[in-house]
Amino acid sequence: MTIFGWLQIAVVLGAVLLCAWPLGLYMARVFSGEKTPISPLVRPIERAFYAASGIRPEKEQSWLSYTLAMLTFNALGFLILYVLLRLQGNLPLNPQGFSGVAPDLAFNTAMSFVTNTNWQAYGGETTMSHLVQMAGLAVQNFLSAATGIALAIAVTRAFARSSAQTLGNFWVDMTRATLYVLLPLSVLLAIAFVLSGMPQTLAGSVEATTLEGAKQTIALGPVASQEAIKQLGTNGGGFFNANAAHPFENPNAWTNMLSIWSMLLISTALTFTFGRMVGDGHQGVALLIAMYTLLIAATGVVYWAETSGNRLLTQAGVEATAGNMEGKEVRFGQALSALYVVATTALSCGAVNTMHDSLTPLGGLVPMFMIQLGEILPGGVGSGLYGMIVVAILTVFIAGLMVGRTPEYLGKKIEAREMKLAILALLVLPMAILGFSAISAMMPKALESLANAGPHGLSEILYAFSSAAGNNGSAFAGLNANTPWYNTTLGLSMLLGRFAYVVPVMALAGAVAAKKKVPASGGTFPTDSGLFVGLLIGVILILGGLQYFPALALGPIVEHVLMHAGKTF
Amino acid sequence: MLNHLRPALVLLALFTMLTGVVYPLAMTGLAQVMQPSAANGSILMRGHVAVGSALIGQSFTSDRYFRPRPSAAGQNGYDAASSSGSNLGPISKKLIERVEGDVAALRRAGASVVPADAVTASASGLDPHISAAFAALQVTRVAAARNLPETRVRALVQALTKRPMLGLIGEPRLNVLELNLALDAGLPGGAG
């Protein structure tokens, strides 16, 4: 670790916080229907969209109606993407002539992009036509992110309102998230990416003759436009197999910083939106501090582990100062590779500029644990915020138990029904992750997919289901996940992780909205205090530790011990 | 749920047009005007022949050229239509044996210190860069193969070393293709 490394990390995170604050307040205006600087341009398009689809924007929905609208929209999006993938071979804009995608892979991929996971059991440049990349996958990059933002705004309104029956209108929130937030930011970022050297073309590939006379086929495509929304929407699905490690998806150190900045931007900004909308900015900042404390601590661990390097390689005679370079690119350096690893998993982004499979044991443990903590640090766009609110509710409940008072959060009494729903949501992830991992670890057929033997093999399985259920999408990519078993079970994990999680959360929001806001009294536990932030961090870590420590002990932890003992597999 | 069907269908169609067609095509048009070379992959030409991309590494095996990092892209490495890392875990026997083999080869060729990037596969398998240390290690071999004084090759390496942006962002590194093109074109300051 060097001062320069930490300085780079500080510059990126500082820029995120600096830009997230105004963006957060801007989003609060957007979702409250107030006028914004770009309204004159966007408002007519917005109105036309409502008119064409028969939406009455002023008509608000109950939690149930809001949720059903969201589910219908996503189910339909899934179906259309599935059909597009299956029929790819017969559709235009397919310069490389790829054939239709197999049923299990199409199911997995459609589910993956609709749930904002962007798990990729395929290599982009060897499987997907430009039409599918643009009109299929990139569209869901926008819409799954917009869905996440809409849901977070609905949950926020539940705490902002008193004795309310409605949470807003899903169609309006989703449309505004796309038109006012995601699309304008994507245009700006795509332009910045192009100016920094990223390709953006409809050509399929270029044939080059190398200096030694060999043929090199260089795959190309509309990379910059896709990269922009992939980062901003915390989607993470790469145009190429190597994702943001590919020089076309991430040509230099500057685009690398821009990529990290852009993936953290909206999720971070939403905490400010939350604070503004519930009428108390400190509440959002408290959540933000908890998120960034853990994010920075985790970055420190990965940075330390990776610069300490792989002891076995040092023993083999490799010079140690550069740290572990297997699966890393020279142009990024260890500090910003470490920050990327942590940011992409603390968010539910899943883009990678480093091959996580080749991280040192502890360097690989951290991203896996970040996902398992529930994708809330600060988590995917929208999903991170509502996930964090669920944990905040659990925290005030535990604090309430300690002193024997009915817990409150933001003036809303948290009672039995709310707690049951919160716990229901919290149980989805460990059930999917540990359940499917355990079954896979016992199936000879599933074990054939492993690229690495020993504890690292278990890590590959555990990481895959964590990534799918956490809607992350990064991988210990040695695992051959393009098999009927993994395509199906990982697809189901994504489905559970997104929708089985959010339905109870929306029911919780409905129950909270209906409650009267009670003014804080002397006995209220202040949720903008340092004590609350500390307790929140404690609850996040204890919850994650209790659920996953045994599994992690058998994977990366024992691997770390074996590395020091000089054992290989 | 049925009353949600119409808005769902219509909005999906509209957003597919807007974000799936208009947005990428507009960005493509803009990119082709603003930055045509980069937008088409930063392809390097020698005469009328495309010799590769400034951003994408390629394979070099001859002693006359600087060599890139090991690559796991495609069957033989540096397959720019099939990017990939090795995905070998830190205590993988395959990884350790591969690295031991490469270290031994470099040692036989006279290396006393083996820089990490010289024996580790990059994340994309297409890393166009090597560290200054790995380049320095290859100067003697390349100079001998080309009958050039070592000092001149070393000066070229010095000249082409990319420094971190603002002295802070990124790592000191060399683009292997750029370096080898410069060698072929003749060294700066004289015929070669």
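**Close-up views of a predicted two-chain model**

View 1. A:F142 and B:Y23 are both buried (under 20% relative accessible area; exposed is over 50%, partly exposed in between; 1.4 Å probe, protein chains only). The two form an edge-to-face aromatic pair, 5.3 Å centre to centre with 90° between the planes. Rings of Phe, Tyr and Trp (its six-membered ring) pair if their centres lie within 6.5 Å; planes under 30 degrees apart are stacked, over 60 edge-to-face, the rest tilted.

Residues are numbered from 1 along each chain as its sequence is written, chains are lettered from A and ligands numbered from 1 in the order in which they are written, and side-chain values use heavy atoms, without hydrogens and water.

**View 2. Four aromatic residues of chain A form a cluster.** Ring pairs link A:Y66, A:F73, A:F170 and A:W171. Over all chains, the count is 19 aromatic pairs.

**View 3. Charged side chains sit over rings in chain A and chain B.** A:K567 lies over the face of A:F569, 4.8 Å from the ring centre. In chain B, the charged end of B:R146 is 5.2 Å from the ring centre of B:Y65. The rule asks for NZ of Lys or CZ of Arg within 6 Å of the ring centre and within 35 degrees of the ring normal.

**View 4. Chain B meets chain A.** The contact (heavy atoms within 4.5 Å) takes 100 residues from chain B and 111 residues from chain A. The buried area is about 8,200 Å², with 68% from carbon and sulfur atoms. Buried area is the accessible area (1.4 Å probe) that two parts lose on being put together, summed over both. B:Y23, B:N87 and B:I91 supply 10% of the area that chain B buries against chain A, more than any other three residues.

**View 5. A salt bridge links B:D127 and A:R331.** Their side chains meet at 3.9 Å, N to O.

Conventions. Predicted model: local features only at pLDDT ≥ 70, side-chain atom pairs only at ≥ 80, totals over all residues. Salt bridge = Lys/Arg side-chain N within 4 Å of Asp/Glu carboxyl O.
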